[in-house]
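Q: I would like to learn how to read side-chain and strand features from a model. Can we go through them one at a time?

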Amino acid sequence: MRRLFPVTDQTVTDQTVTRETLIRETVAHETVTGPAGEGGAAPGAREGGPDGHERSPDGREWSLDEIADAYAYPEPRPGEPVPWLRANMVSTLDGAAQHDGRSQPISNATDMRVFGTLRALADVVIVGAETVRQEQYRPARARAEFARRREAAGQGAAPAIAIVSASLDLDFSLPLFTSPLVPTLILTGAAAAPDRVAAAEKSGARVVTAGDGVGVDPARAVRALADLGHTRLLTEGGPRLLGQLVAAGVLDELCLTVSPTLTAGGAQRIAGGPAIAVPRRFALVSLLEEDGFLYSRYARV
């Protein structure tokens, strides 16, 4: 794994990430070369060795803790439990977010390892109902590698999955509802069909109202999750949901993997829906490369 940005000339060993430093990193001349200055690789790199794991220049495999440090959520200022919403998406060189309706064919082992790390850092994973169906979502699992970190952050064993759905047209017999470690949340509107709400609640899911009509208001959804104590928010799409979050101005960060593949066809982009009036500007925080894949982080300016 190579760090392409920021361009660096100084070793930093233990940096606290704040909302401000996420932006400052775009111009700072810093580099992280391993824990306690041991000369390893930057702890944001993803998998890179022949066995699919990150390697430093001296051959040392990067730990999951180092990766998690590189992707840590901003630390809120005291008395300010403001939610931070990041998205994690993958795109081909020609802009496709999926192939044959799924993201897996354009991903790789490195991308999936970072995917797992981002999940392990989150309080809740927000996902659209169509993506739940297409990607055959299962409950988030507890991972021993992150148990200590989550306990120190006051988090439970695993993040909750929060499904955004107007119709609640979901199969409540799936493990996502019958056997999650943390009850699955369903974000919907106040006008959702009462029989579907009842079916969801009977399955063990918690229905959260986040809109006055049938659909969900993205800003209200973020506030509702924060009211439940979830401030480290992660969305995995799909494209329609991400487009709604972008249009509502509630997205704080984008972690985008650019896959060195071309698919042609009419696949969706990472964000769909109507165009917004003025493009929203994000600042590049970091850019990593391995085997032709680019791993980028952008934060809202």
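A: Start with burial: a residue counts as buried when its relative accessible area is under 20%, and as exposed when that area is over 50%. In this predicted model, both F172 and F177 are buried.

Q: How are the rings of F172 and F177 arranged?

A: Planes over 60 degrees apart count as edge-to-face. The ring centres of F172 and F177 lie 4.9 Å apart and the planes meet at 75°, so this pair is edge-to-face. An aromatic pair that is stacked is formed by F293 and Y295, with 6.3 Å from centre to centre and 20° between the planes. F293 and Y295 are buried too.

Q: Which residue lies over the face of Y73?

A: That is R86, at 4.2 Å from the ring centre.

Q: How many salt bridges are there, and what does the one between R119 and E236 tie together?

A: The count is eleven. In the bridge between R119 and E236, the closest N and O atoms are 2.9 Å apart. R119 belongs to helix α3 (residues 109-121) and E236 to the loop between β7 (232-235) and α9, so the pair links parts 117 residues apart in sequence. Both R119 and E236 are buried.

Q: Is D212, a salt-bridge partner of R220, buried or exposed?

A: D212 is exposed, at 68% relative accessible area, whereas R220 is partly exposed, at 25%. Their closest N and O atoms are 2.6 Å apart.

Q: What are the accessibilities of R143 and E145?

A: R143 has a relative accessible area of 19%, so R143 is buried. E145 stands at 45% and counts as partly exposed. The side chains of R143 and E145 form a salt bridge, with 3.8 Å from N to O.

Q: How does strand β10 pair with β8 and with β9?

A: β10 (residues 293-300) runs antiparallel to β8, joined by six bridges; V258 is opposite L294 in β10. β9 (residues 282-290) also pairs with β10 in the antiparallel sense, over eight bridges, and here L284 faces Y298. β9 and β10 make a hairpin with two residues between them, and D291 in the turn has a positive phi of about 55°.

Q: Where is V250, and what does V250 touch?

A: V250 sits in the loop between α9 (239-248) and β8 (253-259). With a relative accessible area of 14%, V250 is buried. Its contacts beyond four places in sequence include L85, P218, L245 and R300. V222 is another contact, 28 residues away in sequence and 7.8 Å away in space, C-alpha to C-alpha.

Notes. Residues are numbered from 1 along each chain as its sequence is written. This is a predicted model: local features need pLDDT of at least 70, side-chain atom pairs count only at pLDDT 80 or more; totals for chains, interfaces and linings use all residues. Side-chain values use heavy atoms; hydrogens and water are left out. Helices (H or I, at least four residues) and strands (E, at least two) are DSSP runs, numbered from the N terminus. Buried means under 20% relative accessible area, exposed over 50%, partly exposed in between (1.4 Å probe, protein chains only). Contact means heavy atoms within 4.5 Å. Two strands pair if DSSP finds at least two bridges between them. Rings of Phe, Tyr and Trp (its six-membered ring) pair if their centres lie within 6.5 Å; planes under 30 degrees apart count as stacked, over 60 as edge-to-face and the rest as tilted. A charge sits over a ring if NZ of Lys or CZ of Arg is within 6 Å of the ring centre and within 35 degrees of the ring normal. A salt bridge is a side-chain nitrogen of Lys or Arg within 4 Å of a carboxyl oxygen of Asp or Glu.
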